[in-house]
Amino acid sequence: MADKKNYYEIIGVPKDATPEQIKAAYRKLAMKYHPDRNQGDAAAAEKFKEINEANETHSDSQKRAAYDYELEHP
């Protein structure tokens, strides 16, 4: 698990968060770190990529189930 990113921490939601909670947290962070709002900020651009990666996994129920399994069984 050391090399695997914790997408729940990245988005700032608990593991048992509902899809609606995940979506709301994602939107809030995406607005905050969006490249158009942070032009020239490489750290914000990297954070935005991580947020999108986490949302991509959590927004698909099959990907989320597979991710949760990997977290529990490293």
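This is a predicted model: local features need pLDDT of at least 70, side-chain atom pairs count only at pLDDT 80 or more; totals for chains, interfaces and linings use all residues.

## Nonpolar core

The largest nonpolar core comprises 16 residues, and within it Ile11 and Val13 have the most contacts. At least two residues of this core come from each of helix H1 (7–11), helix H2 (19–33), H3 and helix H4 (61–72), with H2 giving the largest share, five residues. In soluble globular proteins, nonpolar side chains tend to be buried together.

Leaving aside residues up to four places away in sequence, Ile11 touches Ile22, Ala25, Tyr26, Leu29, Ala54, Asn55 and His58.

## A buried asparagine

Asn55 belongs to helix H3, which spans residues 42–58. Its relative accessibility is 17%, and because buried means under 20%, Asn55 counts as buried. With residues up to four places away in sequence again left out, Asn55 is in contact with Ile11, Ile22 and Tyr26.

## Aromatic pairs

Two aromatic pairs are present in the structure. The ring centres of Tyr7 and Tyr67 lie 5.0 Å apart with 25 degrees between the planes, so this pair is stacked; it links distant parts of the chain, since Tyr7 is in helix H1 and Tyr67 in helix H4, 60 residues apart. Tyr7 is buried at 8% relative accessibility, and Tyr67 is buried at 3%.

The pair of Tyr8 and Tyr67 is tilted, at 5.9 Å centre to centre and 50 degrees between the planes, and it joins helix H1 to helix H4 across 59 residues.

## A charge over a ring

The charged end of Lys47 is placed over the ring of Tyr33, 6.0 Å from the ring centre.

Key
Residues are numbered from 1 along each chain as its sequence is written. Side-chain values use heavy atoms; hydrogens and water are left out. Helices (H or I, at least four residues) and strands (E, at least two) are DSSP runs, numbered from the N terminus. Buried means under 20% relative accessible area, exposed over 50%, partly exposed in between (1.4 Å probe, protein chains only). Contact means heavy atoms within 4.5 Å. A nonpolar core is a set of buried Ala, Val, Leu, Ile, Met, Phe, Trp, Tyr and Cys residues joined through side-chain atoms within 4.5 Å. Rings of Phe, Tyr and Trp (its six-membered ring) pair if their centres lie within 6.5 Å; planes under 30 degrees apart count as stacked, over 60 as edge-to-face and the rest as tilted. A charge sits over a ring if NZ of Lys or CZ of Arg is within 6 Å of the ring centre and within 35 degrees of the ring normal.
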